[in-house]
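Please look over the sequence and the model shown here.

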Amino acid sequence: MRGGRHIAAVTDASFALAAGECLALVGESGCGKSVLASALLGLLPGNAQTAGRALLGETDLLTADERTLARTVRGRRVGLVPQSPAAHLTPVRTVGSQLGETLRQLTGTRKPDVRAAVRAAAERAAFPADHLDRYPHELSGGLAQRAATALALVGDAPLLLADEPTTGLDRDLVNRTVDELRRHVDAGHALLMITHDLAAAERVADRVAVMYAGRIVELADAGAFFGTPGPRHPYARGLLNALPERDFAPIPGMPPELGDLPEGCAFAPRCPHAAEACTAPPQFADRIACHYPPDEELARA
């Protein structure tokens, strides 16, 4: 950053994602979820630095050059539903023409078959066929989101990164979109879904990763996370308890700035169970990064 300052936007993120599996990455805004997705596709700004490995087969996405990413990875092996779809759609071309070009490039669709293929691709993402001749600036936020989803699904990439794919959609369309993403997974593809919508995550995910202040603090099976025994990390538990259908109790305080993290556990200033041990950073072990014991009764004792 300016003045030579460094900010760790994502630190020690480690997980595996198998074919036919959906991992939902959840957490409050600004915790690093979208930065992680951008790193996997080589879309970080020029002042960003990465370390470690991100393996897709034998390809390390963090060290691959731009030519490799552009010609063999983006769209073909990794699809992206961007967080800001209107900014990723070409402003001077209609949605239909962009879908047609993508179909020709990624699937080899012949020109006589393009029109029908475009309508089928639009239908897959619940994008209305009578809007295919519209330009991005003529679309609502929800329609732009559906157009971006349709484009991302065209290549049936082995890995799909969906960054807030339900933004701007009403609940019926949210359910339809995540059900389509689930069908994509059930067909043998991998899905990393970044979302604030825990109801959508519950509907589609096999596993859940909870991120806070640039770190993954819990990895859990979706059934156990949303059901019994529930989340183990106090922050993850707070996210679920904040839902209207649950306790509707907000987590106190605000997430810290990534450039001004507290000493020790980043969640400690907001945690009702913080103790002296929390002045030291917790290690990620047994799928959780927390000094606080998972069992609440033992913790209170």
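The sections below go from helix packing to individual loop residues.

## Helices α4 and α5

This is a predicted model. Helix α4 covers residues 95-107, and helix α5 covers residues 111-124. Two packed helices are described by the angle between their axes and the distance between the axes. Here the axes come within 9 Å and cross at roughly 105°. Angles of 65 to 115 degrees count as roughly perpendicular, so α4 is roughly perpendicular to α5.

Which residues of α4 and α5 make the contact? On the α4 side they are Gly96, Leu99, Gly100, Leu103 and Arg104. On the α5 side they are Val114, Ala117, Val118, Ala121 and Ala122. By type, the contact residues divide into 7 nonpolar, 2 polar and 1 charged. An α-helix has 3.6 residues a turn, so residues three or four places apart point the same way.

Helix α4 has 13 residues, which should span 18 Å at 1.5 Å a residue. Its end C-alpha atoms are 17 Å apart, in agreement with that span. After α4 comes glycine 108, with a positive phi near 70°.

Which residues of α4 are buried? They are Val95, Gly96, Gln98, Leu99, Gly100, Thr102 and Leu103. These buried residues pack against α5 and α6. Gly96, Leu99, Gly100 and Leu103 are among the buried residues, and they also take part in the contact with α5.

## Helix α6

Helix α6 spans residues 141-153.

How many of the 13 residues of α6 are buried? The count is 11, so the helix is largely enclosed by the rest of the structure. The buried residues are Gly142, Leu143, Ala144, Gln145, Arg146, Ala147, Ala148, Thr149, Ala150, Ala152 and Leu153. They pack against helices α3 (85-88), α4, α5 and α7. They also pack against strands β4 (78-81) and β5 (159-163).

## The loop between α5 and α6

Alanine 126 sits in the loop between α5 and α6. Its phi is positive, about 60°, although alanine 126 is not a glycine. With a relative accessible area of 9%, alanine 126 is buried, because the cut-off for burial is under 20%.

Arginine 134 is in the loop between α5 and α6 too. Beyond residues up to four places away in sequence, arginine 134 touches Thr94, Val95 and Leu139. Val95 is one of the buried residues of α4. Arginine 134 and serine 97 are 37 residues apart in sequence, yet their C-alpha atoms are 9.7 Å apart in space.

## Leucine 173 in α7

Leucine 173 belongs to helix α7, residues 171-186. A relative accessible area of 18% makes leucine 173 buried. Not counting residues up to four places away in sequence, leucine 173 touches Ala126 and Arg146. Ala126 comes from the loop between α5 and α6. Arg146 is among the buried residues of α6.

Glycine 155 is 18 residues from leucine 173 along the chain. Their C-alpha atoms are separated by 22 Å.

## Aspartate 197

Aspartate 197 lies between β6 (190-195) and α8 (198-204), in the loop. At 14% relative accessibility, aspartate 197 counts as buried.

What joins the side chains of aspartate 197 and arginine 171? It is a polar contact of 3.1 Å. Apart from neighbours within four places in sequence, aspartate 197 is in contact with Thr166, Arg171 and Val174.

The peptide bond from threonine 228 to proline 229 is cis, with omega near 10°. Proline 229 is located in the loop between α9 (222-226) and α10 (234-241).

Phenylalanine 248 lies in the loop between α10 and β9 (284-285). Its phi is near 55°, a positive value in a residue other than glycine. Is phenylalanine 248 buried or exposed? Phenylalanine 248 is exposed, with a relative accessible area of 58%. Alanine 126 likewise has a positive phi, whereas alanine 126 is buried.

Key. Residues are numbered from 1 along each chain as its sequence is written. This is a predicted model: local features need pLDDT of at least 70, side-chain atom pairs count only at pLDDT 80 or more; totals for chains, interfaces and linings use all residues. Side-chain values use heavy atoms; hydrogens and water are left out. Axes are lines fitted to C-alpha atoms, for helices over the stretch in contact, and angles run from 0 to 180 degrees between N-to-C directions. Helices (H or I, at least four residues) and strands (E, at least two) are DSSP runs, numbered from the N terminus. Angles under 35 degrees count as roughly parallel, over 145 as roughly antiparallel, 65 to 115 as roughly perpendicular and the rest as oblique. Contact means heavy atoms within 4.5 Å. Ala, Val, Leu, Ile, Met, Phe, Trp, Tyr, Cys and Pro count as nonpolar, Asp, Glu, Lys and Arg as charged, and the others, Gly among them, as polar. The expected span of a helix is 1.5 Å times one less than its number of residues. Buried means under 20% relative accessible area, exposed over 50%, partly exposed in between (1.4 Å probe, protein chains only). A polar contact is a pair of N or O atoms within 3.5 Å; within protein, one must be able to donate a hydrogen and the other to accept it, and residues adjacent in sequence count only if both atoms are side-chain atoms.
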